[in-house]
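Please look through the model shown below with the text beside it. The paragraphs after it go from one part of the structure to another.

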Amino acid sequence: MNTLLNTALGLAHRGVPVLPLRAKRPPANCSACRDTACGGRPHMRTPGPCRCPLPCHAWAAATTDPRVLASPQWAADWHHADVVAYHPGGAGLTVVDLDNVAAIEWARAALPATRTVATTRGEHWIYQGTMRSANAVRAGVDVKSLMQYARWLGPGTGHMTALPDAVRVLVDQAAPVRVPVRPTATRNASRYAMAVLDREAASVTGSSQGERQTALLRAVRAVGRFVAWGDLDRTTVEEAFTRAAESVGLSPGESRATIRKALNYSIRTAWPRKTA
Ligand SMILES: [Zn+2]
Ligand SMILES: [Zn+2]
């Protein structure tokens, strides 16, 4: 039997939902599931009726069902996989993914010790408990729990401790800042527009794999009118969204095209500014 599938079945038996990964990516959706045309799986953020037998929808494909894992529909993806991934939230866990030495040093000072697993350049710190996931909560740090997958790189070492507030706070701070929507005086317009840009870029950074493209489109359109009104310059906006899109794994080419199109659209269709 495929060794990865063997590992996956062992984890599934212990209640850890798993899926295959190839070059750090989950299997691509099948043609019926492409762009979530199927509506998505029942446990996704926007629940849908999808019962696709293939490992579609990234983290949402992760399962503990040995019949699904060992099914012929999953066989090709196990064959091409190079690592097993798991859905931390589905196993009641949160993974603090520390990308580099600096991030590990920060964690040693800021977070309680817990079970750790070595990764290629950094470490996973695994806590008991679930929370909302978010990428890039600080330099080199992702939080992977609900609606996310993480690479399974072995059981690691150390005693697992309960998810501390220090981790929850990271994601809360990275959450979109709520800016009241109100007519603004012109002298404050740029500052207000900048706050909206920050908020919208953060909403892209916090989006999950399945919705990052939609999140990017929505966010760019929300900011476009400020470019039309001259409150923000176009380059600033394009750069902020390109960074946000890259942080959630969209390719630079793909994100630049999406950003350009969405900006053009909202500049063309922007309403004249309302004055208070
Ligand atoms: Zn499918
Ligand atoms: Zn589907």
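What follows treats the metal sites, then the sheet, and then the helices.

This is a predicted model, in which local features need pLDDT of at least 70 and side-chain atom pairs count only at pLDDT 80 or more, while totals for chains, interfaces and linings use all residues. Residues are numbered from 1 along each chain as its sequence is written, chains are lettered from A and ligands numbered from 1 in the order in which they are written, and side-chain values use heavy atoms, with hydrogens and water left out.

Which residues coordinate the zinc ion (ligand 1)? Its donors (N, O and S atoms within 2.8 Å of the metal, or 3.2 Å for Na, K and Ca; water is not among the atoms, so sites may look incomplete) are the SG atoms of Cys30, Cys33, Cys52 and Cys56, at 2.2 to 2.3 Å. The four donor atoms subtend angles of 104 to 115 degrees at the zinc ion (ligand 1), which makes the arrangement tetrahedral, a term used for four donors if all angles lie between 85 and 135 degrees. For comparison, the ideal angle for four tetrahedral donors is 109.5 degrees. Along the chain, the donors of the zinc ion (ligand 1) follow the spacing C-x2-C-x18-C-x3-C. Cys30 is buried, with a relative accessible area of 18%, and Cys52 is buried as well, at 15%; buried means under 20% relative accessible area, exposed over 50%, and partly exposed in between, with a 1.4 Å probe and protein chains only.

The zinc ion (ligand 2) is coordinated by the SG atoms of Cys33, Cys38 and Cys50 and by NE2 of His57, at 2.1 to 2.3 Å. Here the angles between the four donor atoms run from 91 to 119 degrees, so the arrangement around the zinc ion (ligand 2) is again tetrahedral, and the donors follow the spacing C-x4-C-x11-C-x6-H. Cys33 bridges the zinc ion (ligand 1) and the zinc ion (ligand 2), which lie 4.2 Å apart.

Helices (H or I, at least four residues) and strands (E, at least two) are DSSP runs, numbered from the N terminus, and two strands pair if DSSP finds at least two bridges between them. Three strands form an open sheet in the order 1-2-8, with antiparallel pairing. Strand 1 and strand 8 (150-151) stand at the edges with a single partner strand each, so one side of each is left without a neighbour in the sheet. Strand 1 and strand 2 (residues 83-86) pair over four bridges, with Pro20 opposite Val84 in strand 2, while two bridges join strand 2 to strand 8, where Ala85 stands opposite Arg151.

Helix 7 (residues 212-228) and helix 9 (residues 252-269) pack at an angle of about 45 degrees, with their axes 8 Å apart; axes are lines fitted to C-alpha atoms, for helices over the stretch in contact, and angles run from 0 to 180 degrees between N-to-C directions. Helix 7 and helix 9 are therefore oblique to each other, as angles under 35 degrees count as roughly parallel, over 145 as roughly antiparallel, 65 to 115 as roughly perpendicular and the rest as oblique. Arg243, in helix 8 (residues 234-247), counts as exposed at 57% relative accessibility.

Terms used: Four donors count as tetrahedral if all angles lie between 85 and 135 degrees; four count as square planar and six as octahedral if opposite donors are over 155 degrees apart and all others between 65 and 115; anything else is irregular.
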